Amino acid sequence: MTAAVPALPAKIHPLVRAFLDSPDAVAAAVDRFGSPAHLLFPQVYLDNLAGLRQVLDRHQVRYRICYAHKVNRSRAFLRTAEAAGIGVDVASAQELTAALAAGFGPDRIEVTGPKGIGLLRELIAAGVTINVDNLWELERIAELAGTKTPVLLRISGFAGSAPSRFGITPADAEHALALAAAHRDRIGLCGFAFHIDSGETGERVRAVQECLGLVERAYGYGLEPTVLDIGGGLRQVFTADADRFDGYVAALRAALLGRGEPMSWGNNTFGYQVDDTGVHGIPIFHKYANTVPATRMLDDLLTAALDAHGGRTVAQVAGENLLELWLEPGKSLVDHAGITVARVEFVKTAADGSTLVNLDLSRDSVTPADQEVMVDPLILPGVARPEPNDLAPVGVFFAGRLCLERDMITNHKVWLPYRPRAGDLVVFPNTAAYHQDLSAAMASRHPLPPKLVVTRDDGEFRIRPDRDYEPALVMP
C-alpha cells in the first residue's frame with residue numbers, strides 16, 4: 001500500500017462546504033464577478049457569535065461583545081454585527097466612520113490602539129468610549145474634553161507575560177488613577193482592559209487578578225469602575241485533522257534535514273533553527289496547529305479559579321462585584337466565514353524540478369504578514385474535468401502574480417489530487433480574519449479582489465457585492 005502523502009486538511013464550516021459542493025457555484029461567482037475574489041458568509045459569523053453568547057449566558061455574567069472591525073474591512077460583517085445588537089471595536093478614524101455609517105451609535109463603539117492628537121479630538125467629539133493606551137493619551141483627554149468622556153485604561157506588563165508595546169504598566173497605573181480622579185469632570189473611568197495574544201488561560205487569569213486589584217485601588221480614589229475588559233485573542237481552529245497536521249510538520253522537519261522529498265521553497269525554514277543537531281524552535285505557523293475553539297478558551301477563562309478571591313471563578317467574582325465583562329473578538333467571529341478563490345493562469349516546472357502553479361493572486365491577499373498559512377487549498381476543475389489517468393497526487397508550490405521573487409503564496413509544498421491546469425480554480429479556506437486585508441498588495445496596479453457575500457435563503461445560495469448586503473433583522 002502506498003503511504004498517504006503529507007497533507008494539511010482544512011476545517012470547513014458546513015454552510016461553506018455546501019456552497020463548495022454545489023455544482024459550479026464557485027465558478028459561477030467567478031464568471032460573474034471576476035477572479036480573484038473574497039467570498040464572505042455572514043450566517044457563519046452569526047453562528048460564531050451565538051456560540052460566544054451561549055458561553056457567557058451560561059455563566060450568568062453581564063457582558064458586552066464588541067466586534068474587532070480591524071480583522072476585515074467588510075461592510076457586510078459590520079452590518080451583521082450592528083443588526084445582532086453587539087458593539088464594535090474600531091482602531092482608526094476610517095473605521096469609526098465606517099461603524100457610524102453602518103448604524104452604530106456612540107454608546108456601542110469602543111476605540112482601541114494607539115491614538116494621535118487628531119484622532120483623540122475626533123473621538124472626544126463623537127462621544128465614543130476610548131480604550132486608553134498610555135498616560136499621554138489620558139493627559140490629552142483631560143486637556144481636550146469639554147464634557148465627561150468614557151474611558152477604559154488598558155493595562156499591560158503582567159508577571160509571566162511577554163512585554164508589550166501597548167498599554168499602561170501596573171507601575172504607572174497609580175498615576176493614571178490619580179489623573180482620572182483629578183479630572184473626573186472630563187474623564188469618566190469605566191474600568192480596566194487588557195489584551196493577551198496567547199492561548200494560555202493562566203496568562204489571562206493573572207491579567208484579570210491584576211485588573212481586579214486596580215478596581216479596588218480605583219475605589220480608594222472615589223472612582224466607580226464597572227467594566228473588566230478581557231480583550232480579544234480568542235483563537236481560530238484551521239485544521240480538520242490534528243494528527244495529519246502533526247504528520248506534515250514531522251515530514252517538513254525531516255525534509256529540512258535533507259531526509260525525504262524537499263518540502264520548502266528557497267530553503268525556507270519557517271522560523272526553525274536548523275543545525276547538525278536537528279530542527280529547533282517554534283515555527284512561524286504554530287498558531288495553525290491550534291485545536292481549541294474560541295468557545296472553550298472563553299469558558300476556561302470564566303471558570304478559572306482566582307487565588308486572591310478564595311478560589312472563586314472569574315465569572316463569580318465579576319458578578320459579585322457588579323462588573324460587566326467586555327470582550328473584543330475579531331478572529332473568532334469571522335472564523336470560517338470567508339474563503340478566497342483564484343484562477344490558475346499557468347503551471348510550470350522550475351529549474352530544481354518543482355512544480356509551480358501561478359495564480360491571478362498575490363501572497364498578500366491571502367496571507368497575513370510574514371506567516372505561512374498551513375492549511376491545504378482546494379482545487380476545483382475548470383471547463384474540462386481531469387481524466388482518471390490524470391488523478392495522481394502531485395506536490396506543488398503556489399506562486400503569485402507580482403514580479404517579486406518573494407511572491408510565493410505557499411513556501412511549503414502542497415499535495416494536490418492531480419496536476420492543475422490553466423483555468424482551474426483554487427479555493428483558500430478560512431481567509432476572513434486578517435488574511436484578506438492586513439497587507440493586501442496593489443503593486444503593478446493590480447486591483448484588490450472584490451468582496452462578495454454568500455447567503456443561503458430557502459435552500460438556495462445567493463451572491464451579491466459586499467456593499468449591497470443588508471442583513472435580516474437579528475434579535476440581540
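A residue is called buried under 20% relative accessible area, exposed over 50% and partly exposed in between, with a 1.4 Å probe and protein chains only. The model is predicted, so local features need pLDDT of at least 70 and side-chain atom pairs count only at pLDDT 80 or more, while totals for chains, interfaces and linings use all residues. Residues are numbered from 1 along each chain as its sequence is written, and side-chain values use heavy atoms, with hydrogens and water left out.

Phe-238 and Tyr-288 are tilted, at 4.6 Å centre to centre and 55° between the planes. Phe-238 sits in the loop between strand E8 (227-229) and helix H10 (242-256), and Tyr-288 in the loop between strand E10 (278-280) and helix H11 (294-302), so the pair ties together parts 50 residues apart in sequence. Helices (H or I, at least four residues) and strands (E, at least two) are DSSP runs, numbered from the N terminus. Elsewhere, ring pairs join Phe-19, Phe-41 and Phe-461 into a cluster.

An automatic or database assignment sets the domain bounds. Domain 1 comprises 1-41 + 242-290 + 336-475, and domain 2 comprises 43-235 + 291-332. Their centres, taken over C-alpha atoms, are 34 Å apart. To the contact (heavy atoms within 4.5 Å), domain 1 gives 31 residues and domain 2 gives 23 residues. About 2,400 Å² is buried between the two domains, 52% of it on carbon and sulfur atoms; buried area is the accessible area (1.4 Å probe) that two parts lose on being put together, summed over both. Three salt bridges cross this interface, each a side-chain nitrogen of Lys or Arg within 4 Å of a carboxyl oxygen of Asp or Glu. Asp-197 forms a salt bridge with Lys-287, with the closest N and O atoms 3.2 Å apart.

In an unreviewed entry, UniProt lists "modified residue: N6-(pyridoxal phosphate)lysine" at Lys-70; UniProt positions follow the numbering used here, feature names are shortened, and annotations may be inferred rather than shown by experiment. Lys-70 lies in the loop between strand E2 (63-68) and helix H4 (75-83). Its relative accessible area is 32%, so Lys-70 is partly exposed. Leaving out residues up to four places away in sequence, Lys-70 touches Asp-89, Ala-91, Glu-95, Thr-112 and Tyr-434.

Technical notes
Phe/Tyr/Trp six-rings, centres within 6.5 Å; stacked < 30°, edge-to-face > 60°.
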